[in-house]
Amino acid sequence: MNDEEEILNEDNPVKDAANSLKTAILQSSEYNNYIECARTLKADGALYERVNNLRRRNFAIQNTNEQRIGIERFYDLSAEIRELRHNPVVNDFLDAEVELGRLFQQISALITEDMDFDVDFLD
């Protein structure tokens, strides 16, 4: 099999199940709350850009291989998060984003919990 071959072709029952899951997620309260909060936030372009800047920096810190990110950098970001969370639009969006992320994590855990997939190399 080459890298470009599609595994989830029309005859694959996993594709049907994935499409059903996608439909359920699109209809979920978590997803719809996230979409509504995102629309509200995007209505203020400057605020939306500020939040995205914060999200980018937070993502970079959480996914860095560096052992030390710099305590000042961490505290600066934490202070900005606290400040932005005073705005109810930002707070609602960030809460909705976390809630949707948790839904994805729980779905992933449910799907993989009984599968024998060797990831011991990560330890």
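User: Which helix holds arginine 73?
Analyst: Arginine 73 lies in helix H4, residues 71-85; helices are DSSP runs of H or I with at least four residues, numbered from the N terminus. The model is predicted, so local features need pLDDT of at least 70 and side-chain atom pairs pLDDT 80 or more, while totals for chains, interfaces and linings use all residues. Residues are numbered from 1 along each chain as its sequence is written, and side-chain values use heavy atoms, without hydrogens and water.

User: Why is arginine 73 called partly exposed?
Analyst: Its relative accessibility is 42%. Buried means under 20% relative accessible area, exposed over 50%, and partly exposed in between, with a 1.4 Å probe and protein chains only. Arginine 73 therefore counts as partly exposed.

User: Why does aspartate 118 count as exposed?
Analyst: Aspartate 118, in the segment after H5, has 55% relative accessibility, so it counts as exposed.

User: What makes valine 119 partly exposed?
Analyst: Valine 119 lies in the segment after helix H5 (88-112). Its relative accessible area is 36%, so valine 119 is partly exposed.

User: How do you know that the span of H3 is close to the expected one?
Analyst: Helix H3 (residues 45-62) has 18 residues and reaches 25 Å from first C-alpha to last, against 26 Å expected at 1.5 Å a residue. The expected span is 1.5 Å times one less than the number of residues.

User: Which residues of H3 are buried?
Analyst: Leu47, Val51, Asn52, Leu54 and Ile61 are buried in H3.

Note on methods:
Helix = DSSP H or I, 4+ residues; strand = E, 2+ residues; numbered from the N terminus.
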